[in-house]
Amino acid sequence: MKKGENVDLFRKFTFYLEKKFGWFVIPSKIENTAFILGKLIMKHGESGVMEVFSAPVNHDYFSPVDEDLIDLYSVSETYFNREPEILERVNQLTDSVMTIRDKVNILCAASSSGEEVYSTSISLRNNFFNNEVSVYGAEINQRLINLALGGVYTEWSLRTCSSDYKTRYFDLHEKKFKLKEEYMKNVYFRKYNLLSQNIDYYFNGIRFDIILCRNIFLYLNPNSIERVIDNLLSLLNPGGYIITGLAEGAISERLKSNSFDGFRNIFKF
Ligand SMILES: C[S@@+](CC[C@H](N)C(=O)[O-])C[C@H]1O[C@@H](n2cnc3c(N)ncnc32)[C@H](O)[C@@H]1O
């Protein structure tokens, strides 16, 4: 490949990452982005990747090139009980939603390998009955969804948890931690792209009372952030809450104007 063609393919790749997945290619990521492009070319051939990057963007279809690049590019960092004060708030908000509804639906909108979903499930199961609360996880990376469905984790996923937490909620199996079945009840996972124009398709009309969308906005470009907020709002029940990560806060004006009770990362609509 000539140098000019190289640059052209790299540009097409970064444009595709932004349009299809919303991912911002910041200068410090350029080297890693080029490395990932090289890996994709080695596996799928130059014409194979060029064909995908040149086709019209479809947010709901994932080619084999897409599946590989999602796994190579997306940042999946997560762990049990991340930002425990948020789980505490989710309990309080669930309690308040229960005063007007019989059932509460919670969505973790970028659920990675399931740690956020199950931390929420564990924390709520201690206070509510299984059939009162459902927790959904949704995520673009199929490999991470498969891990979540298995409910088996390494010590690393539980690195901030006490030994009491580990023994109370998990069975130890060959140095791995298997979540107890009762905390996997009323928990569901979906594969989707948060930028989809057909987000409702993935939830069959289900509406959520609390949506946690944490530690993903940091990686998205401004247009995609607004698209994601549109999508989340379309899935939210009237009076519902959106919660971002503590480091993200009110990432958009629309969130800022709906701040809830002085919290910088909880918004009521
Ligand atoms: C850093 S993890 C955050 C996990 C969890 N919310 C937490 O706070 O611990 C971000 C997740 O967002 C997923 N993701 C990135 N872009 C996405 C998109 N366009 N649609 C759906 N999920 C996406 C990634 O695959 C990754 O698993």
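Hi everyone, one definition to begin with: a helix crossing is right-handed if the near helix is turned clockwise from the far one by less than a right angle, and left-handed if anticlockwise. Keep that in mind as we look at this predicted model.

Let's start with a pair of helices. H2 covers residues 30-44 and H4 covers residues 64-73. H2 passes H4 in a right-handed crossing. Their axes lie 10 Å apart, and the packing angle is about 145°.

So who meets whom here? On the H2 side we have Thr 33, Ile 36, Lys 39, Leu 40, Lys 43 and His 44. Facing them from H4 are Pro 64, Val 65, Asp 68, Leu 69, Leu 72 and Tyr 73.

Now let's zoom out to the domains. Domain 1 runs over 3-73, and domain 2 over 84-268. Their centres, taken over C-alpha atoms, are 29 Å apart. In the contact between them, domain 1 brings 13 residues and domain 2 brings 17.

How much area is buried between domain 1 and domain 2? About 1,300 Å², with carbon and sulfur atoms giving 47% of it. On the domain 1 side, three residues to look at are His 59, Asp 60 and Asp 71: together they supply 38% of the area that domain 1 buries against domain 2, more than any other three residues.

Across the interface of the two domains, the rule finds two salt bridges.

Terms used
Residues are numbered from 1 along each chain as its sequence is written. This is a predicted model: local features need pLDDT of at least 70, side-chain atom pairs count only at pLDDT 80 or more; totals for chains, interfaces and linings use all residues. Side-chain values use heavy atoms; hydrogens and water are left out. Axes are lines fitted to C-alpha atoms, for helices over the stretch in contact, and angles run from 0 to 180 degrees between N-to-C directions. Helices (H or I, at least four residues) and strands (E, at least two) are DSSP runs, numbered from the N terminus. Contact means heavy atoms within 4.5 Å. Domain bounds come from an automatic or database domain assignment. Buried area is the accessible area (1.4 Å probe) that two parts lose on being put together, summed over both. A salt bridge is a side-chain nitrogen of Lys or Arg within 4 Å of a carboxyl oxygen of Asp or Glu.
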